[in-house]
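Welcome! Try each one before reading on.

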Amino acid sequence: MGQNRTVEILVGLFMGLGIVALLVLAFYVGNLSSYNNDTGYHLEARFDEIGGLKVRAPVTMAGVQIGRVTAVYLDNLEYRAIVEMKIDPEKLSLQRVTETGEQPLNQDGDPMLIPCGEGAPAGSEIALFPECATVLYEDAAASILTAGMLGEQYIGLEPGGGAMVFLLPGDEIRMTQSSIALEQVIGQFLFNQVDKEN
Amino acid sequence: MERIQQLLLQLFSVFRRLGRGQLFLLHLLGGMASLITRPGLVVRQLYSVGVHSLVIIVVSGIFVGMVLGLQGYNTLVDFGAEESLGVLVALSLVRELGPVVAALLYAGRAGSALTAEIGLMKATEQLSGMEMMAVDPVRRIVSPRFLAGFISMPLLAAIFTVLGVFGGYFVAVPLLGVDDGAFWSQMQARVDFYDDILNGIIKSVVFGFVVTWIALFEGYDATPTSEGVSRATTRTVVHASLAVLGFDFILTALMFGA
Amino acid sequence: MQKPYRQRRGQKRRRAPDLLVRIRNLEFSHESRSGEPLRLFYGINLDIHRGKIVAIMGPSGTGKTTLLRLIGGQLHPGSGTIQVDGEDVPTLDNKSLYSLRKRMGMLFQSGALLTDMTVFENVAFPLREHTTLPESMVRDMVLMKLHAVGLRGARDLMPSELSGGMARRVALARAIALDPMMVMYDEPFTGQDPISMGVLMKLIGELNRTLRLTSIIVSHDVEETMAIADYVYLLSEGRVVGRGTPQQLQQDGSAWVRQFVEGEPDGPVPFHYPAQPFTEELLGE
């Protein structure tokens, strides 16, 4: 019986070790943890050139990852690349805006953030837009950036601020900057050097 | 003329063996259902198949990872991309080396032991004795071993892979001075759960199935003499290894190919 | 001690002297490694009565063990019938074959003990596989069987720690664990020292009597087998060449039977394996 118990304990340890290894593979080595937030809202953007941008490339703002690219395809009318991305609302939240799509203001005239799902604060008489909007302004910009010289490509978002109106989920980000091909940069640099010397 | 005839005969015997192997597989799969009521049988086999293979898997995993780290560093440092070492180590282990090397080690360690055990049981009339006691030896002896092998292989491959990654980490970060954060973050960004890890796990499941099947069949089909058992054991290692490499190519082509 | 007359009569009636095993026109051929069939039996007829110890004897290589396997349904005959307890063995489906086997015990030449279990677990094996008895009852039954073969004290040994004779006795305890109607002994005396030979002979006889078994002994040890058998069949070259009680056989006039029973080196079974004449071979062609 004693021997039996050792066998059972060792087998249990083995199974446990194996399952831990599978979990480490899934969550620590791999990126399964980035899959579980399937709730997110979409945005899209058109680029003249996306370079090496791939599906599941990260979408960042100020260096913080806020979402992933979900689809890349070609607009057959304009010959531009359409990039769809999904943004995690926990990282870049949704908010309520006024009927004109602007930031609601409090009594003092300061802008305030009403999270999606809540109503206007008691006492104020702001008429809110029925749907939730993003916290990105209409003139938000998306650019394709490269991590390091040879690293992978990702999308960087900037919130904008020149416009008063916010983007709704599913809207297109109009201001875009395409990926910069290294060959072009080097080419331009050499060209300028030659120009200077002349 | 005689040579052609001999060739044909040989071909027939190959097909016959294949057919016997299939029937054997069906038979042992038929015995799976009855194992639900007797998990103790499987636990005992998990011990001899899984736990006994653990040492070789652990040691080999760490060393393979360390070698990958060293070799990868030497190549990547020329491009100034040594931060990608984590990606290199993890991807090569997760996709290929983990499942394949673990399966080869498993075939050598557990597969040959299974063949020898069952072959000897046959040679010493233990299987026939069971039959005469109205106990189906395939269900009683073979099925639990098959299930144990089928469960163990993916776990062993996962342990191998994880230890390999840590072996690579040990060489890269403390010894070669690769940045700690870059090692992990690049790895996590580039190793995809579905494309890489799940496919690796599928590979190891397939290998576990094939290697255990071959090992058990070779033992069960062995000529019941000492020479027959030793031949069967050799055949297990050779055939199982070839099968692993062959299936690896097919699976890689299916998963990562165009 | 004799049983009262009435009880004995009742027993007699219940166990009428019918046939337990009935073999008719049995033909069987082996497939050799090269794929050619090797004929082993040419139409064998054999009857085994209930309650008897029947010996099947013959030189090595005549297929005595094969005959046991045919009776046990492990091999399929080419033609002919094998009936055990009224059931035609070759035509049985797996389920009824297995339920028939539960009523047969077989003692293999090597013992065929399961090497990864103790003596106790080996004897308990059939009980655990076929019954759902509580552990205490399994224990009692195993100890009973082990006591019957005189090895109750060896229950915690592993099969590798047993001598050949002990291993065979453990195997015997296991063969009778399910209280079968018959036990088949495959070469029970081969390779035994005189003491364990004596022990085995006593056991076979005693068990047959006390458990009301039918015993089939396959052997080529003439003296020992003749001593305990009620009836003997002699097999040679695929045929039954002699049959009768041991006394009848010893008085039998046939040359072959006399050679086998007396153990003479030359006779109907020649000393030399068939070959071309020696002088021809020496002088070359």
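Helices are DSSP runs of H or I with at least four residues, strands are runs of E with at least two, and both are numbered from the N terminus. The model is predicted, so local features need pLDDT of at least 70 and side-chain atom pairs pLDDT 80 or more, while totals for chains, interfaces and linings use all residues. Residues are numbered from 1 along each chain, chains are lettered from A in the order written, and side-chain values use heavy atoms, without hydrogens and water.

**Exercise 1. Describe the make-up of chain B.**

Step 1: count the elements. Chain B holds eight helices and zero strands.

Step 2: read along the sequence. The pattern is α-α-α-α-α-α-α-α.

Step 3: take the extent. The C-alpha trace of chain B spans about 65 × 55 × 30 Å along its principal axes.

**Exercise 2. How do α3(B) and α5(B) pack?**

Step 1: find the angle and distance. The two helices, α3(B) and α5(B), meet at an angle of about 145 degrees, and their axes are 7 Å apart. Here axes are lines fitted to C-alpha atoms over the stretch in contact, and angles run from 0 to 180 degrees between N-to-C directions.

Step 2: find the hand. The crossing of α3(B) past α5(B) is right-handed, meaning that the near helix is turned clockwise from the far one by less than a right angle.

Step 3: sort the residues of this contact. There are 23 nonpolar, five polar and two charged. Nonpolar covers Ala, Val, Leu, Ile, Met, Phe, Trp, Tyr, Cys and Pro; charged covers Asp, Glu, Lys and Arg; the others, Gly among them, are polar.

**Exercise 3. Which chains touch, and how much area do they bury?**

Step 1: list the pairs. Two pairs of chains are in contact, and chains A and B share the most contacts; contact means heavy atoms within 4.5 Å. No contact joins chain A and chain C, whose closest C-alpha atoms are 12 Å apart.

Step 2: look at chains A and B. Chain B brings 32 residues and chain A brings 24. About 2,500 Å² is buried between them, with 78% from carbon and sulfur atoms. On the chain B side, L155(B), Q188(B) and F193(B) supply 20% of the area buried against chain A, more than any other three residues. Buried area is the accessible area (1.4 Å probe) that two parts lose on being put together, summed over both.

Step 3: look at chains B and C. Here chain B gives 18 residues and chain C gives 24. They bury about 1,900 Å², 52% of it on carbon and sulfur atoms.

**Exercise 4. What lines the second largest cavity?**

Step 1: recall the term. On a 1 Å grid over the protein atoms alone, a cavity is a set of points where a 1.4 Å probe fits but cannot get out, and lining residues have an atom within 4 Å of a point.

Step 2: find the space. The second largest cavity holds about 70 Å³. Of its 13 lining residues, L25(A), V94(B), T161(B), G200(B) and I201(B) are closest to the centre.

Step 3: trace the elements. α1 (2-29) of chain A and α3 (85-123), α5 (137-175) and α7 (193-220) of chain B each supply at least two residues of the lining.

Step 4: sort the lining. The residues of this lining comprise ten nonpolar, three polar and no charged.

Definitions and conventions:
1 Å grid on protein atoms, 1.4 Å probe; cavity = no way out; pocket = protein on both sides within 12 Å on 5 of 7 lines; lining within 4 Å. Points joined across faces, edges and corners; volume = space filled by probe spheres on them.
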